[in-house]
Amino acid sequence: MNHFPTFELQAQHIGISFDGFQPVFPETSLTLTNGHIIGITGLNGSGKSTLIKILAGVLSHQSGSIHLHVNHQHIEREYIPLQIGLVAPYLTVYEEFTPIEHLKVYCEMSGLIYDESHALELLDIMGLLSHREKRIGTFSTGMKQRLKYALALIRKPIILLLDEPSTNFDIKGQQLFKEIVQKQKELGGGTIIATNELAETTLCDTIISLS
């Protein structure tokens, strides 16, 4: 049974150029709905991360359109990021905080109601519960990657955008990533994964190549 409302994300003919001449990637269209997993592949420099940033609202597209409907209601563009959880190598964490402090501050900055029981549950899932009062600056890169997942999931996003999702993960971390994606699917959420890893593309229902 779906826990997320019915939704549809439509991106039509998305394009961007940083120099005004050469497009970063070919104009791209996709539709993401409940329980759907889309993989975005391509050579290094093909624009996978740029497309993810556009979908997340971090970058503005120069051509095309992006629309999100939730329960058949149109969501204004500026509010679409509120429905999205983003995990990516270029996201940074505040190393002077502890994980529990970081989750609380993130909620406050994002206008979310902080639920400590949910925060502790996420830290437990991510294997960070015993480290909840330790300074993030002491963490390994893999532990910081786990924290990025907790930060993305704290808002209970309808859509997960995962850019190189297994970066810095060991075998246990890679299995955890798969479990998170599967859980998102079971709850009726949607996921877009930018990757060239075969083990990750096999999770996807649809593959879009930017090469």
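Pro-99, Ile-100 and Leu-103 of helix H2 meet Ala-119, Leu-120 and Leu-123 of helix H3. By class, that contact has six nonpolar residues, no polar and no charged ones. This is a predicted model, by the way, and the values I quote are computed from it.

On geometry, H2 and H3 pack at an angle of about 130 degrees, and their axes are 10 Å apart. The two helices are therefore oblique to each other. Their crossing is right-handed.

Now the other helix pair. H4, residues 141-153, packs with H5, residues 171-186, at an angle of about 15 degrees. Their axes are 11 Å apart. H4 is roughly parallel to H5, because angles under 35 degrees count as such. The crossing of H4 and H5 is left-handed. Which residues make the contact? From H4 there are Arg-146, Tyr-149 and Leu-153. From H5 there are Lys-172, Gly-173, Leu-176, Phe-177 and Ile-180. By class, the contact of H4 with H5 has five nonpolar, one polar and two charged residues.

An α-helix has 3.6 residues a turn, so residues three or four places apart point the same way.

Next, two loop residues. Tyr-94 sits in the loop between strand S6, 84-87, and helix H2, 99-110. Is Tyr-94 buried or partly exposed? Tyr-94 is partly exposed, at a relative accessible area of 40%. Setting aside residues up to four places away in sequence, Tyr-94 touches His-102, Met-109 and Ile-136. Tyr-94 and Gly-137 are 43 residues apart in sequence, while their C-alpha atoms are 7.9 Å apart in space.

Lys-134 is in the loop between helix H3, 116-125, and H4. Lys-134 is partly exposed, with a relative accessible area of 40%. What does Lys-134 touch, not counting residues up to four places away in sequence? The list is Phe-97, Thr-98, Pro-99 and Phe-139. Between Lys-134 and Pro-99 there are 35 residues of separation in sequence and 7.3 Å in space, C-alpha to C-alpha.

On to helix H1, residues 48-56. How many of the nine residues of H1 are buried? Seven of them are, so H1 is largely enclosed by the rest of the structure. The buried residues are Lys-48, Thr-50, Leu-51, Ile-52, Ile-54, Leu-55 and Ala-56. After H1 comes Gly-57, which has a positive phi, near 85 degrees.

Thr-28 lies in strand S2, residues 28-33. At 7% relative accessibility, Thr-28 counts as buried, because the cut-off is under 20%.

Last item, cysteines. How many disulfides are there? The count is zero, where a disulfide would be a pair of cysteine sulfur atoms within 2.5 Å. Cys-107 is buried, with a relative accessible area of 1%. Cys-204 is buried as well, with a relative accessible area of 14%.

How values were computed:
Residues numbered from 1 in each chain as written. Predicted model: local features only at pLDDT ≥ 70, side-chain atom pairs only at ≥ 80, totals over all residues. Heavy atoms only, no water. Buried < 20%, exposed > 50% of the residue type's maximum accessible area, 1.4 Å probe, protein only. Axes fitted to C-alpha atoms, helices over the stretch in contact; angles between N-to-C directions. Helix = DSSP H or I, 4+ residues; strand = E, 2+ residues; numbered from the N terminus. Parallel < 35°, antiparallel > 145°, perpendicular 65-115°, else oblique. Left-handed = near helix turned anticlockwise from the far one by under 90°. Contact = heavy atoms within 4.5 Å. Nonpolar A, V, L, I, M, F, W, Y, C, P; charged D, E, K, R; others polar.
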